Amino acid sequence: MIYVIQIILLCVIAVICFGKKFEKISVKKNQILFLFIVFSVFILIMGLRDVSVGVDTNTYSKHYSNILNSSWKDIFLGNVASNTMEVGWNVWMKLCTYVSPYYLFFQIIYAIVYCWFSARFISKTSNVFVSTVLFLGLGMFTGAFNIQRQYLAVIWLGNSYLEYKEKKIKETVIYFLGAVLVHKLSICFILVYVIYALKDKEKLVKALPIVGIIVALNYKLIIALATVFVPAYHNYYTNEKAAPQTASGVWIIWGIIICISLYGIYSKKIRNKEYKIICIFSLGYVLCNIIGLQFNYFERIGLYFASLLLLVFSDFGLYLKRIYSENIGRIYYAGLVGCYIMYYLLSCFTESALKYSFIW
């Protein structure tokens with residue numbers, strides 16, 4: 001029920017802040033007001049949930065207790081009981097234990113930090129209402145109930161990309177290092193910086209999706225090479241699923257992402273080189289998820305590019321308006337919002353781990 005109320009509030013707040021034309025947001029103060037109210041609600045839902053909500057929430061709660069009883073020496077030496085988490089994450093938890101010994105405090109702080117940086121990222125997209133719906137529909141809200149460290153890294157990496165685009169190298173490095181400290185596999189986001197720097201190489205940009213598909217089809221070879229050159233993650237390399245999973249209805253979502261991304265990369269009507277780069281990584285997101293159907297954890301790699309999907313979807317509506325007509329753009333936005341709201345609610349109600357209850 002809480003998720004239905006969340007969607008109703010989202011739409012009501014949008015009507016109050018923007019009026020009827022959701023797709024045309026021009027007043028900056030209205031955007032800020034919308035994001036402040038909406039993400040305040042999100043903070044309450046995320047921060048005040050019981051430890052039973054989310055697959056990994058209880059695990060993080062127990063780890064907080066371990067950190068509480070650990071010395072700084074143990075934290076930096078990795079001697080924390082049942083420790084599989086990065087030192088940056090453990091340091092943050094340890095600092096929170098000085099304020100409160102209860103995990104609820106850390107969960108609320110995490111919710112504030114995660115939602116604040118998410119709102120900051122969304123504020124820089126071309127349509128904050130649509131991007132907020134996508135934030136929910138793509139699992140970036142409820143996903144943070146589970147793999148908290150990686151989703152925090154994902155949103156910091158998204159912000160680092162925006163800073164990198166504006167040539168703010170200091171801010172880019174700070175966000176990137178923060179992401180690596182809480183989830184070390186964030187290092188793979190370096191690919192985004194490198195390929196972005198090569199955005200003027202038109203032939204290379206057009207060739208990269210083909211290269212990505214070839215790599216995806218030969219992922220077993222890539223994993224074999226990884227066992228030789230990156231042995232630290234050997235536990236993951238043998239995690240092939242005995243019975244490959246099926247994607248079910250999510251294939252529709254992936255299909256939409258693929259179509260929009262391919263159009264963005266190869267269409268001569270879209271000349272924005274930055275847009276073509278994020279379309280490449282949107283395809284990478286889908287390819288990693290497809291491989292993840294047969295091989296555990298591979299979809300986690302694609303997750304690092306999830307924030308870029310918000311940019312791909314929201315900007316595509318602008319291109320439709322410019323290339324075709326205002327009405328086509330409006331239909332696209334309306335269909336996108338409707339589909340992702342339904343997908344969000346469906347995922348919340350079908351995932352048993354998301355059955356909501358408050359901490360009390």
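**Entry 1, the whole chain.** I noted at the outset that this is a predicted model. I looked up the secondary structure and found 18 helices and zero strands. The chain has 360 residues, and buried residues make up 50% of them. I then turned to the contacts with a separation of 6 or more, and found that residues 24 or more positions apart account for 72% of these.

How many of the residues of α7 are buried? I went through residues 128-137 and found that 10 of the 10 are buried, which makes this helix mostly covered. The list holds V128, F129, V130, S131, T132, V133, L134, F135, L136 and G137. I next looked up what covers these buried residues, and the answer includes α1 (2-18), α2 (28-47), α6, α17 and α18 (326-350). At the start of the helix I found a side-chain oxygen of N127 that reaches to within 3.3 Å of the backbone nitrogen of F129. Just after the helix, I noted that G139 takes a positive phi of about 85°.

On the α6 side the contact is made by Y103, F106, Y110, V113, Y114, F117, S118, R120 and F121, and on the α8 side by Q148, Y151, L152, I155, W156, G158, N159, L162 and E163. Sorted by class, these come to 12 nonpolar, four polar and two charged residues.

For the second pair, α10 (residues 190-197) and α15 (residues 273-292), I found axes that come within 10 Å and cross at roughly 145°. The crossing in which α10 passes α15 is right-handed. L191, V192, I195 and Y196 of α10 meet E274, I277 and F281 of α15 in this contact. I sorted the residues of this contact too, and they divide into six nonpolar, no polar and one charged. I then asked which residues of α10 are buried, and I found V192, Y193, I195 and Y196. The buried residues of α10 pack against α8, α9 (169-182), α11 (202-217), α15 and α17.

A polar atom of the N289 side chain lies 2.7 Å from the backbone oxygen of Y285. Leaving aside neighbours within four places in sequence, N289 is in contact with W254 and E299. I also looked up N289 and R300, which are 11 residues apart in sequence and 7.9 Å apart in space, C-alpha to C-alpha.

L320 lies in helix α17 (residues 306-323), and with a relative accessible area of 10% it is buried. Not counting residues up to four places away in sequence, L320 touches S325, I328, G329 and Y332. The C-alpha atoms of L320 and I331 are separated by 9.9 Å, and these residues stand 11 residues apart along the chain.

Is S100 buried or exposed? I placed S100 in the loop between α5 (87-97) and α6, and at 12% relative accessibility it counts as buried. A polar atom of the S100 side chain lies 3.2 Å from the backbone nitrogen of Y102. Once its neighbours within four places in sequence are left aside, S100 is in contact with Y64 and F105. I then went to K167, in the loop between α8 and α9, and read that K167 is exposed, with a relative accessible area of 72%. I noted as well that K167 has a positive phi of about 60° although it is not a glycine.

Conventions:
Residues are numbered from 1 along each chain as its sequence is written. This is a predicted model: local features need pLDDT of at least 70, side-chain atom pairs count only at pLDDT 80 or more; totals for chains, interfaces and linings use all residues. Side-chain values use heavy atoms; hydrogens and water are left out. Contact means heavy atoms within 4.5 Å. Helices (H or I, at least four residues) and strands (E, at least two) are DSSP runs, numbered from the N terminus. Ala, Val, Leu, Ile, Met, Phe, Trp, Tyr, Cys and Pro count as nonpolar, Asp, Glu, Lys and Arg as charged, and the others, Gly among them, as polar. Axes are lines fitted to C-alpha atoms, for helices over the stretch in contact, and angles run from 0 to 180 degrees between N-to-C directions. A crossing is left-handed if the near helix is turned anticlockwise from the far one by less than a right angle, and right-handed if clockwise. Buried means under 20% relative accessible area, exposed over 50%, partly exposed in between (1.4 Å probe, protein chains only). A polar contact is a pair of N or O atoms within 3.5 Å; within protein, one must be able to donate a hydrogen and the other to accept it, and residues adjacent in sequence count only if both atoms are side-chain atoms.
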